[in-house]
Structures are given as C-alpha cells and as structure tokens.
Amino acid sequence: MNPDINIIITDREGQKHEVVAPTDMNMNIMELVRSYELAPEGTIGVCGGMAMCASCQCYILTPQIELPEMQDDEEAMLSEAFYTKENSRLGCQIQLTPEMEGLAIELAPES
Amino acid sequence: MIKTDILIIGAGPTGLFTVFEAGLLKLKCHLIDALPQPGGQCAEIYPKKPIYDIPAFPEVLAGDLVDNLMEQIKPFEPGFTLGERADTIEKLDDGTFVVTTNKGTKHHAPVVAIAGGLGSFEPRKPLIENLGHYEDKGVRYMIKDPEFYRDKKVVIAGGGDSALDWSIFLADVAEEVTLVHRRNEFRGALDSVDKVKELKDLGKINLITPAEIVQLEGKNFLEAVLIRKSNEAKEEFWLPVDEFIPLFGLSPKLGPIADWGLEIEKNAIKVDNSLDYQTNIPGIYAIGDVNTYPGKLKLILCGFHEATLMCQSAYQRIFPDKKYVMKYTTVGGVTGFDGSKKEAPKAVVKAIN
C-alpha cells in the first residue's frame, strides 16, 4: 500500500494550498493541480501531459527533495517557454512518489 | 455570405466527424477554424503522437486520424473558412444565425455547432517590452504569405518545427534570415535540423544560439532587434531587420465565444447531455472538448458520439415535420453530395446443383 503524501502548491494568485496526494494512481503534479482545481480548466495541462505546451510549468521550492531527472522533451519545451527560472519544471513530467513527501511548488504564470 | 445547414466552429476531430454524420442526413456543413489547416490540436500540437483509444484503431497517429477523417467526409464536400476566428453571432428573427469572423467573413446557418476544443489557438507572445507597438509593423506571429518576406531582412525566434521549417523556406525568399534560439538544441524533426545546419554552413541562414531577442527598436516600423547571446549583457548586439517573427507555439483561448451569452462553467460550455448537447441558446450546440456536463470526459471518442446525437437534433430543428429513421451505413450505403455512392456489395445468390 503506497502512502498518501503532502504537497504544498502555491497557485498563480500566490495562495498556498496544502494538499494530500495519492502515490498509487499514476498521477503527476499537473493532474494533481487539476484534481484540486487550483488553476482554471483550460489554463493547465492543455496538451494533456505530453510535455508539449508548458501550461503546467512550475517552480520547485524544495531543492532537497529528489525529483526524476529531466528528459530531453521536457528540457526542449522549457527552452521555448516564458517565465522560466533555474528551478522550472513541467508538472506533467513529475510522477508522484512516496519520496516526494513535503514537496513544495509554485505554479508559473499563465502564458 | 456563406450559407450552410450546420455551421461548425472548430475543425478538430469532433468538428470533422460532424460533417460525416450530418452528411448521412443530407445536411451540408461549413467549418470555421482559427488555424490555417484542419485537425485542431491533433494537427497543430501533436501530429506525430500516437493515440490508443480510438475504437478499432489499436494505434493511430494524431495526424493520420485527421487525414482519415478528411478522407471520410470528402463525399460531403464540407466548406472551410480557415485562419479566421469566429467572433460574433447574431440570431435573426427566423431563428437562424449569422456568424462573423475576425476577418469579416459572414456565415448563415439554421444550426451552429461549437466544436471549439479548448478555444481558438492564439500565438504565444514572448515577453519583450514594446512588442505590441510593432505588431503588424514588423512583428508578425504567423506567416500567411511567404512572398511578403521577399528581399527583406527577417529574424525568426523559436526552437520548434515551425521556427525551423520557416527558416528553411524563407532562406530562399528573404534577403537575409536569422534564426535565434535560446539553446543549441532544437525540438524539431531531425531532417529539418539537418537542413538548417546545411543552410547555415552555406551561409544562407544566420544561426545565433544560445541567444534571445530582448529589445526592439524602430521609429514607426521595426528597424532592429537587440540580441543577447549566452544570457550575458556584454554579449548584446543590435541586428538591423525588417521583420521579426516570434514562433513560440500557440495556446488556446476560449476567446469571443465566451461572450455569446452561453452558459459557461470552468472555461467550457454547459450543454444538455441527457438529450442533444444543445446549449442554453436553442439552435446552438456544443460538442467535444468545449462542452461540459456531469461526468464529462474530454476524449475524442466522446466527441464523436456527441456529434452523432447532435446531428439528429439538428435535423429535427431544420425539418420539424419530417420523420427520420436511422439507417445503418451498411444497409443504406453512403451517398455523397459529389455524386459518389458507396454501398455494401449485394450477396450473390447461386444454387448448388
């Protein structure tokens, strides 16, 4: 049985949300944000999670928590995205695992 | 004025399949789409990606799905208004509608089917000060007529297929083509990347990477762009240009449809899913990803189903006195408006002696 984990998400208005995320449902961060409706439908996950639109770009605020390494397609998409920072990732490319307990992220502005 | 039976807004898979179902009912269709080609997201965002949940297709590329749909609806001769966005709608006294695009093209139909997906695709604009000031005065986000760039100095920014493909194409048209991208790696088809490298070696494309355009200058029209290399202020230089084409992809916006008086919930149009996917305005339907109802799933296969039921209701609206009996295509065949007819071959009856 995989445990639920706690994730802190700062939405685009700067509001912080502490949410509980399952780790046994093959869910990624983009889907987690959508399931809690922390960004309006149609403004996140536009391509459905193919790393092809950058609408789920987020900033990772907890560098100490290890995340899956960035793949080529994610890196390429981020290189075309706006508002990127050193700690930018695409939420759709980060599957939730038990090791991510306490992860904090902030959604990048809509573009 | 373009006249049709069902005016479809959005030429994605759902909109395209609507043409087929309407055609079986002898209803003609016309489609409006903001993109220059049919197919919606499938053609624009992920043509080379596979889809696994189209019934009876264990695997199909999104681009092939669109090609197949275009082939399937060909006998029904759909009309297209492409590269234009549906802007306004007017309900006439007789209950029919006039839809006008941003280019002023008018369409008249008794039934409007909104199959707009997540909305119309608008170019994603880079964050450069004054960018808006030069729009259509040296800054353009889409290339409509390549000849426009003949003998001009052009700079293209972006790292995807469209940036690569247009750089290649314009290399033969423009006086000078400069391609600027934030990284050394490009995200396009391999042969496009190779071709750009070849043209760069031939001196036909001026490739500047990793670099970004950070400032624009010009009195009335764009005259130069400031390019920053390797994200270093000391590596900045001005490049004289006539035209700047930022190609950073497109993002969908519900846009003007949101102001049509339709009931909107979570960026989608509320419809009656117990019956015919009609909106709160009789005669306007919403099908596919653009609609919402309890239990809605944004899947292409659901859009196909919604389109099918919607056409039945549209038929009743257009011909209130006619009785319609659903016929299987295997039984009734498919008779196109182009005179073509497809039907199942008759079984051979032969006695065995």
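I started at E90(B) and looked up its bridge partner in β8(B), which is V98(B). This is a predicted model, in which local features need pLDDT of at least 70, side-chain atom pairs count only at pLDDT 80 or more, and totals for chains, interfaces and linings use all residues. For my own bookkeeping, residues are numbered from 1 along each chain as its sequence is written, while chains are lettered from A and ligands numbered from 1 in the order in which they are written.

**Sheet.** I found that β7(B) and β8 (residues 97-101) of chain B run antiparallel and are joined by five bridges. Strands here are DSSP runs of E, at least two residues, and helices are runs of H or I, at least four residues, numbered from the N terminus. Strands pair if DSSP finds at least two bridges between them. The open sheet holds four strands of chain B in the order β1-β9-β8-β7, with mixed pairing. Which strands stand at the edges? They are β1 (2-3) and β7 (86-91) of chain B, each with a single partner strand, so one side of each has no neighbour in the sheet.

I count a residue as buried with 20 or more other C-beta atoms within 10 Å of its own, exposed with 12 or fewer, and partly exposed in between, with C-beta atoms placed from the backbone. Leaving out residues up to four places away in sequence, A113(B) touches I6(B), I8(B), T18(B), Y285(B), I287(B) and M310(B).

**Helix α6(B).** I checked its length: 19 residues reach 27 Å from first C-alpha to last, close to the 27 Å expected at 1.5 Å a residue. The expected span is 1.5 Å times one less than the number of residues. Its buried residues include G303(B), F304(B), E306(B) and M310(B). The buried residues of α6(B) pack against β2 (6-9), α1 (13-24), β10 (111-114) and β22 (284-286) of chain B.

I noted a cis peptide bond from T209(B) to P210(B), omega near -20 degrees. P210(B) sits in the loop between β14 (205-208) and β15 (211-217) of chain B. Is A54(A) buried or exposed? A54(A) counts as buried because it has 27 C-beta neighbours inside 10 Å. D136(B) has 7 such neighbours, so it counts as exposed. D136(B) lies in the loop between β11 (120-123) and β12 (153-157) of chain B.

**Chains.** I saw 23 residues of chain B in contact with 14 residues of chain A. Contact means C-beta atoms, placed from the backbone, within 7 Å. The chain B side divides into nine nonpolar, seven polar and seven charged residues.

Note on methods
Two residues are in contact if their C-beta atoms, placed from the backbone, lie within 7 Å. Ala, Val, Leu, Ile, Met, Phe, Trp, Tyr, Cys and Pro count as nonpolar, Asp, Glu, Lys and Arg as charged, and the others, Gly among them, as polar.
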